[in-house]
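Good morning, everyone. Please take a look at the sequence and the structure, and then we will walk through them together.

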Amino acid sequence: MGRVISFIIQKGGCGKTTTTVNTASYLALQGYRVLAVDMDPQGNLTQHFGYDTESTDNGLMHLFLNQKSFGQAVLKRDENLHVLSNNIDMTAIEFTLYKSLTREYVLRDVLQPVMADYDFILIDCPPNLGIFSMNALVASTDFILVVSPEFFPMRAIKPLYDTFLMVKNKLNHTLQFKGVVMTMCDFRTRHAQEIRKILEKNFPHKLYKSYIRNNVALKEASSLGKSIFEYDPRSIGAFDYQSFVEEFLRDNETARHKRAYYESHFHRLSPGEQQEIIHFARQNLSNYNRERLDSVDEEPILKEALLIERNKILEKLFPYRQYAASPKE
């Protein structure tokens with residue numbers, strides 16, 4: 001069963017949507033099955049993925065109102081990346097939700113039937129602690145704070161952490177605080193350096209070492225409805241998000257199990273079968289990894305790119321989902 005992770009901070013303009021989109025996109029490039037959920041009626045995540053919020057059906061609202069099945073509501077951006085869209089129409093049901101006795105559990109009930117279909121479900125929360133953010137936290141296994149090195153986002157952390165404790169105690173006992181990622185960073189400024197020191201002091205084991213620097217390519221990518229890996233895979237923004245997601249994956253149990261599973265099956269094959277799979281892996285490198293290979297000749301990067309493509313082939317031969325769903329002795 002996949003992890004459900006909310007990216008949250010009750011302050012706009014901190015890079016939360018950009019982080020959700022590019023984390024989802026990089027995970028999908030690595031062969032993970034990802035569902036990105038737009039919980040914000042502003043529909044920024046929906047737009048960032050290239051969908052017009054005025055002409056695109058509000059998939060999430062249809063699911064909240066039981067008007068469509070999940071298969072009818074979800075947008076399939078590519079084989080590994082699906083999106084639940086949102087737009088301003090969602091605000092019309094907010095008052096209706098508040099009157100419901102199960103108002104905090106609607107998203108959880110929507111996602112539970114499809115949890116096994118995805119490795120990761122990433123939720124882009126609205127910039128407040130209203131009913132939609134509460135739904136996200138109740139449905140999540142983990143949440144990540146997205147903080148830019150500024151005064152107001154820092155002020156938002158304490159009430160959000162208090163909300164987390166309340167949700168964990170009363171509504172979702174399994175919810176975990178995954179960590180803090182810093183975005184829009186410029187550590188040439190003393191203020192940004194001081195903010196990082198404060199976060200290191202208050203979250204000594206939760207602050208990601210990776211951080212996202214200011215980069216105009218990230219803004220350009222969002223305006224064109226693309227991830228940074230589609231728009232400019234050689235940019236600083238692409239490098240920073242790659243570093244963050246790789247750090248995130250190192251601490252993820254599902255990712256570790258999946259890699260070990262593929263490695264075990266690969267070594268059971270004959271040398272000839274192994275060579276054949278590596279040959280096809282070289283032929284099937286994604287455009288993104290080709291860009292990396294064209295610009296960087298270091299052996300570790302080549303190995304990682306081939307490993308990703310090799311595991312995609314192994315997934316077709318030895319489906320991990322069937323293994324994960326089967327009873328274990």
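First, a definition: helices (H or I, at least four residues) and strands (E, at least two) are DSSP runs, numbered from the N terminus. This is a predicted model, in which local features need pLDDT of at least 70, side-chain atom pairs count only at pLDDT 80 or more, and totals for chains, interfaces and linings use all residues. Residues are numbered from 1 along each chain as its sequence is written, and side-chain values use heavy atoms, with hydrogens and water left out.

Let's start with the domains. Their bounds come from an automatic or database domain assignment. That assignment gives domain 1 (3-245) and domain 2 (269-317). How far apart are the centres of domain 1 and domain 2? Taken over C-alpha atoms, the separation is 30 Å.

Now find Ile308. Ile308 sits in helix H16, residues 299-317. Is Ile308 buried or exposed? Buried means under 20% relative accessible area, exposed means over 50%, and partly exposed is in between, with a 1.4 Å probe and protein chains only. Ile308 has 4% relative accessibility, so it counts as buried. Along the chain, Ile308 and Ser6 are 302 residues apart, and their C-alpha atoms are separated by 25 Å.

That takes us to Ser6. Ser6 lies in strand E1, residues 3-8. Its relative accessibility is 0%, so Ser6 is buried. Which residues does Ser6 contact, leaving aside neighbours within four places in sequence? Contact here means heavy atoms within 4.5 Å. The partners of Ser6 are Ile123, Cys125, Ala136, Leu137, Ser140, Asp142, Phe143 and Ile144. Take Phe143: it is 137 residues from Ser6 along the chain, yet their C-alpha atoms are separated by 4.5 Å.

Ser6 also makes polar contacts. A polar contact is a pair of N or O atoms within 3.5 Å; within protein, one must be able to donate a hydrogen and the other to accept it, and residues adjacent in sequence count only if both atoms are side-chain atoms. The side chains of Ser6 and Ser140 are joined by a polar contact of 2.7 Å. A polar atom of the Ser6 side chain also lies 3.4 Å from the backbone oxygen of Ala136.

Next, the cysteines. A disulfide is a covalent bond between the sulfur atoms of two cysteines. Here, the rule is a pair of cysteine sulfur atoms within 2.5 Å. How many disulfides does that rule give? The count is 0. Cys125 is in no disulfide, and its nearest cysteine sulfur, that of Cys14, is 13 Å away. Cys125 is buried, because its relative accessibility is 0%. Cys185 is in no disulfide either; the nearest cysteine sulfur, again that of Cys14, is 11 Å away. Cys185 is buried too, with a relative accessible area of 3%.

On to two helices. The expected span of a helix is 1.5 Å times one less than its number of residues. Helix H12, residues 236-250, has 15 residues. From first C-alpha to last, H12 reaches 21 Å, close to the 21 Å expected. Why call H12 largely enclosed by the rest of the structure? Because 11 of its 15 residues are buried. Among them are Tyr241, Phe244 and Phe248.

Helix H14, residues 271-283, has 13 residues and reaches 19 Å, close to the 18 Å expected. In H14, Gln274, Ile277 and Ala281 are buried. They cover an arc of only 65° around the axis, so they are on the same side of H14. That arc is taken from the directions from the helix axis to the C-beta atoms. An α-helix has 3.6 residues a turn, so residues three or four places apart point the same way.

Now, backbone angles. Most residues other than glycine have a negative phi. Asn66 is not a glycine, but it has a positive phi of about 60°. Asn66 is in the loop between H3 and helix H4 (70-73). Its relative accessible area is 70%, so Asn66 is exposed. Met184 has a positive phi of about 55°, and it is not a glycine. Met184 belongs to strand E7, residues 176-185. At 33% relative accessibility, Met184 is partly exposed.

Last stop: Thr56. Thr56 is in the loop between helix H2 (44-48) and helix H3 (59-64). Thr56 is buried, because its relative accessible area is 16%. A polar atom of its side chain lies 2.7 Å from the backbone oxygen of Asp52. Not counting residues up to four places away in sequence, Thr56 touches Tyr51, Leu75, Ser85 and Asn87.
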